[in-house]
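Here is a friendly walk through one protein model, written for someone who likes to know the cut-offs behind each term. Please keep the viewer open while you read.

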Amino acid sequence: MARVEEFTVRGSDGGQRGPLLTDGAAAVRRRGLVLGISALVGFLLTVVWSAEFVDQTVGATIADGILGHSAEDTPIAGAAAGVAFAFTSGLAGTFTACNIAAFGAVAPMLGAVGSRWGRLVQALKPLGWMSLGMVTVAAVYGAVVGAVGTSMPQFSQADSLPGELSGRSVQSMVVFGVIGLAMLYLGLSALGYVKDPFARIAVRFPHAQTVFMGVLIGGFLIGRPYPLFRHLFRDAAESGNLLYGAAAFVLQSLGNIVIMAVLFLAVAAFAGGRVQAWLTSKPGRLAVLTAVTLIVAGVFTFLYWDVRLLARREIIPWYPIAPWAV
């Protein structure tokens, strides 16, 4: 982020050769251009993004294929079926608009060094810290749903009406608005526009930001309108079982990040050395990569779930949307 980043350079024998220090944000050139292009990409994604294609054509097809029946239309019969549905629907929802921002968490975790096995082991550590934040939020929210879920906005199946915001929509707007702005702020801090919120705590707890990214990913469930998740939500709420609600939501979150985790581990194991060399070859390169992913994810999340949603509900007059995304 804005603080000095330290990378450990190792030789071919794995021995430490000494630290290479780069002042990340200070070394970024044309940071205004980086910010502008990243924000533009995030905005353009909201224009072309088709929720129907991602949710139904991709997500529902994957879930139906794994479960062997219609995931959305078939009742969840018991806890065992609920557990299988939770993980499967999470996996199927990897590329939904409410989960795609999770990929913004990958860039800040890159840069493992050493042998292939050593890089793999190092890569597991940030994934573990991120999962800790994610699982904690998912478990707590799942327990709450198991206890009082039938009275929560996400339980409602009422259709959204033009000119009005349902309780579900308001909840989604608030949750994803906060998540989007948080990611945007972290991206701006990587470029040095604002203070790094983790600069002090990172001295004692260097994984603080990684845990926080996990908290944001876990928070996706709190605002998620994804049809398969709402199916799971209603089942957990009607069960009245805190443990089942917590377990189902944890598995849903773990399913959300499986593909991202596999890709991250593959990069760390097979290309980690080259990635590390590329990141450290120019001062500020890691800061730019981190900033771009977080700004794109943050702008997309905020605009898609707050501004574009208002236009779709006909509360604001217009938002540019591609013909296939209507």
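The report below goes from the overall fold to helix packing, a charged pair, a surface patch and some contacts.

**Ground rules**

This is a predicted model, in which local features need pLDDT of at least 70 and side-chain atom pairs count only at pLDDT 80 or more, while totals for chains, interfaces and linings use all residues. Residues are numbered from 1 along each chain as its sequence is written, and side-chain values use heavy atoms, with hydrogens and water left out.

**Overall fold**

The protein chain has 10 helices and two strands. Here helices (H or I, at least four residues) and strands (E, at least two) are DSSP runs, numbered from the N terminus. Read from the N terminus, the order of elements is β-β-α-α-α-α-α-α-α-α-α-α. Of the 326 residues in the protein chain, 48% are buried. For that label, buried means under 20% relative accessible area, exposed means over 50%, and partly exposed lies in between (1.4 Å probe, protein chains only).

**A pair of helices**

Two packed helices are described by the angle between their axes and the distance between the axes. Helix α5 (residues 167-191) and helix α7 (residues 208-223) have axes that come within 9 Å and cross at roughly 160 degrees. The axes are lines fitted to C-alpha atoms, for helices over the stretch in contact, and angles run from 0 to 180 degrees between N-to-C directions. How are α5 and α7 oriented to each other? They are roughly antiparallel, a label for angles over 145 degrees, with under 35 as roughly parallel, 65 to 115 as roughly perpendicular and the rest as oblique. The crossing of α5 past α7 is left-handed, meaning that the near helix is turned anticlockwise from the far one by less than a right angle, whereas clockwise would be right-handed.

**The salt bridge**

Side chains of opposite charge can pair when their charged atoms come close. The structure holds one salt bridge, defined as a side-chain nitrogen of Lys or Arg within 4 Å of a carboxyl oxygen of Asp or Glu. Its partners are glutamate 238 and arginine 234, with 4.0 Å from N to O. Both residues belong to helix α8 (residues 227-239), where they sit four residues apart, about one turn of the helix. Glutamate 238, in turn, counts as exposed at 53%.

**A nonpolar patch**

Leu33, Ile37, Val41, Leu45, Val48 and Trp324 make a nonpolar surface patch of about 540 Å². Patches are made of residues with over 30% relative accessible area and no salt bridge; like charges are joined within 9 Å, nonpolar side chains (Val, Leu, Ile, Met, Phe, Trp, Tyr) within 5 Å. The accessible areas come from the Shrake-Rupley method with a 1.4 Å probe, and for residues only the protein chains shown count as cover.

**Contacts along the chain**

| Pair | Apart along the chain | C-alpha separation |
|---|---|---|
| Tryptophan 117 and alanine 269 | 152 residues | 6.8 Å |
| Isoleucine 321 and arginine 308 | 13 residues | 8.4 Å |
| Leucine 279 and leucine 289 | 10 residues | 8.8 Å |
| Glycine 65 and threonine 88 | 23 residues | 9.9 Å |

Tryptophan 117 is placed in helix α4 (residues 116-148) and is exposed, at 62% relative accessible area. Leucine 279, in helix α9 (residues 242-281), is buried at 2%. Glycine 65 belongs to helix α2 (residues 51-67) and counts as exposed, with 59% relative accessibility.

**The segment after α10**

Isoleucine 321 lies in the segment after α10 and is partly exposed, at 25% relative accessible area. Glutamate 314 is also placed in the segment after α10 (285-312). What backbone angle does glutamate 314 have? Its phi is positive, about 60 degrees, although glutamate 314 is not a glycine. With 57% relative accessibility, glutamate 314 counts as exposed.
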